[in-house]
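Here is a short report on one protein model. Take a look at the sequence and the structure before reading on.

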Amino acid sequence: MNRDVTDEAGSKEMDTSTCMSPSHDHNPQNLPYVHKVGVPRRQNLLKQLTASVKETFFPGNPFRPFKGQSRLRKVVLALQAVFPIVSWGKDYNLARFKGDLIAGLTIASLCIPQDIGYAKLANLPPQNGLYTSFVPPLVYAFMGSSRDIAIGPVAVVSLLLGSLLQNEIDPVKDALEYRRLAFTATFFAGITQFTLGFFRLGFLIDFLSHAAIVGFMGGAAITIALQQLKGLLGISNFTRKTDIVSVMRSVWGTIHHGWNWQTMAIGISFLAFLLLAKYIGKKNKKLFWVPAIAPMVCVILSTFLVYITHADKHGVQIVRHIKKGINPPSFKKIYFTGKYFGKGFRIGVLSGMIGLTEAIAIGRTFAAVKDYHLDGNKEMVALGTMNVVGSMTSCYIATGSFSRSAVNFMAGCNTAMSNIVMSCVVFLTLEFMTSLFKYTPNAILASIIISAVVGLIDVEAVSLLWKIDKFDFVACMGAFFGVVFVSVEIGLLIAVSISFAKILLQVTRPRTALLGNLPGTAVYRNILQYPEAQKVPGILIVRVDSAIYFSNSNYIKERILRWLTDEEEQLKKKGLPAIQYLVVEMSPVTDIDTSGIHAFEELYRSLQKRNVQGLLWLTSCMHQRLQP
């Protein structure tokens, strides 16, 4: 096989044939275009390793702003790096505060009823949901770099946490130990997030593919909605399992004696109102405040309705009691030893990764819309810190909420000050207004949660996956059905497994293509994508669309030989001349290791036995020289 690059000891230059044509002798002196390519300098191994580590973990060179600065300036820059509020706070003014105030009040009206509902989803007292929208947003406002993200408990993480915790401890029979395990999981979720950010390992969350996330979120939304049938229908004895079969069996098994018509009337009517408000806000962006205040309106109206009609005495289940006051300390309740230490660690890592993935995706989405940079690693440090602090102040895992962040964005927020405003409103609620929620029916909380999770089902994204990449669609559906028909943790496991399987498949089975000439041009394209492309008689052109490593080199060699065998069989049947030249288009190949080189040497020997001349096509000038 003619090789474009030949390495000779002591030589300073290499003769590189950038074009090869079957119509010419393969002696380089007879080729029309011969270029001299200089040999790159040998690099120091330590410098190569240092450069690789730097590019992997510090691609943005976070220490660049500190170069050439005075000691005082370095201190200021360090404070700004750790606490972004120092940077944007110096230019803060009344005009910005006006937008943040409106946005903060708007998301507060949305978060209070949601927090109470999400706490029930995690099998925790309602006050813990409110605690989680008080302390963590304050911490994030000082350390987070996103201007738009709204912090608090979210439906998916609440469901995941609740389902994992109840597998270890009964939330009813042993509520105290259950809360302790929840705080332990929150602590380790924060430690996980902080560690990933501090050591700049944020790229690890990218291993969970977008398709798997879409499927997981959609399945979680269905599961959450099904769980709310308990409150929506007024069922007392409900299954703790989350799969759709168990839930529907529990629902239909109590149809004659477990459903409460007053609860159903309240829940379904207000659910219809919430969905209508959501539809209005989606159709008219200027009316974004309608779906934002609708949950609070529902809570106020339904609470007043239950109070004046005494519906609680007719089987309508109500909140009854929310503990008054701000977050009590919970550091001493965290398990640092014992049998629940390892369980809390495992649950915390899983829940923390999901919360991190959701928050980073939300932050990047709004950062792209407003065109500002979002440092993913700084975000992880901020999210981790707020969850560690939250675990010590009776909070459970907090992250970015897409619904609240969207409302925050639409309401005109300018900075993270909107989170501080929201925290202040939650503080006032905890101190002075918890008694007002005593007669709030559970059916309303179920309606609010159902209306909130509807947006997690992204039908358009699933349709796009089907059109573009069938494997991505399979990954999406695998995660979706895993969550819906088995459990949340199994669905998550399927999502991660399929994501890694796709990576391994792409690495070990890279794409190869047969190329043909487009009539009337000097352009060669994939014959499957361009049906009009014509094969060159006597020549087989194969393109490799990947770097060649030890993991795929043998497959590429065998795939090329299969292409050659199949083509020769077809030509033999048609009575046409056999293949004389095999051209391997290598321009998409960005790297090749020693295993790849050995594979091509073996390919060359195989071609010699078949009397086929092999050529490596390394540049685009082949388009000009190789004519049919």
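## Aromatic pairs

This model is predicted. It holds 17 aromatic pairs. One of them joins phenylalanine 188 and phenylalanine 341. A pair of aromatic rings is described by the distance of the centres and the angle of the planes. Here the ring centres are 5.3 Å apart, and the planes make an angle of 80°. That makes the pair edge-to-face.

Where do the two rings sit? Phenylalanine 188 belongs to helix H8, and phenylalanine 341 to helix H14. The two parts are 153 residues apart in sequence, so this pair ties them together.

## Two packed helices

Two packed helices are described by the angle between their axes and the distance between the axes. Take helix H4 (residues 94-121) and helix H18 (residues 442-453). Their axes lie 9 Å apart and pack at an angle of about 95°. Angles of 65 to 115 degrees count as roughly perpendicular, and H4 and H18 are therefore roughly perpendicular to each other.

Which residues meet? H4 brings Pro113, Gln114, Ile116, Gly117, Tyr118 and Lys120. H18 brings Asn442, Leu445, Ile448, Ile449 and Ala452. The residues of this contact divide into seven nonpolar, three polar and one charged.

## The largest pocket

Rolling a probe the size of a water molecule over the atoms shows where empty space is left. The largest pocket holds about 1700 Å³ of space. Its lining counts 49 residues. Nearest the centre are Phe402, Ser403, Ala406, Gly455 and Leu456.

Helix H14 (residues 339-370) gives the largest share of this lining, with seven residues. By type, the lining of the largest pocket has 33 nonpolar, ten polar and six charged residues.

## The second largest pocket

The second largest pocket has a volume of about 1300 Å³. It is lined by 44 residues. Closest to its centre are Gln80, Ala81, Ser145, Asp375 and Lys378.

Which elements give two or more residues to this lining? They are helix H1 (45-57), helix H2 (71-82), helix H3 (85-89), helix H8 (175-198) and helix H15 (376-391). H15 gives the most, with six residues. The lining of the second largest pocket divides into 21 nonpolar, 15 polar and eight charged residues.

Technical notes: Residues are numbered from 1 along each chain as its sequence is written. This is a predicted model: local features need pLDDT of at least 70, side-chain atom pairs count only at pLDDT 80 or more; totals for chains, interfaces and linings use all residues. Side-chain values use heavy atoms; hydrogens and water are left out. On a 1 Å grid over the protein atoms alone, a cavity is a set of points where a 1.4 Å probe fits but cannot get out, and a pocket is an open set with protein on both sides within 12 Å along at least five of seven lines; lining residues have an atom within 4 Å of a point. Grid points are joined across faces, edges and corners, and a volume is the space filled by probe spheres set on the points. Helices (H or I, at least four residues) and strands (E, at least two) are DSSP runs, numbered from the N terminus. Ala, Val, Leu, Ile, Met, Phe, Trp, Tyr, Cys and Pro count as nonpolar, Asp, Glu, Lys and Arg as charged, and the others, Gly among them, as polar. Axes are lines fitted to C-alpha atoms, for helices over the stretch in contact, and angles run from 0 to 180 degrees between N-to-C directions. Angles under 35 degrees count as roughly parallel, over 145 as roughly antiparallel, 65 to 115 as roughly perpendicular and the rest as oblique. Contact means heavy atoms within 4.5 Å. Rings of Phe, Tyr and Trp (its six-membered ring) pair if their centres lie within 6.5 Å; planes under 30 degrees apart count as stacked, over 60 as edge-to-face and the rest as tilted.
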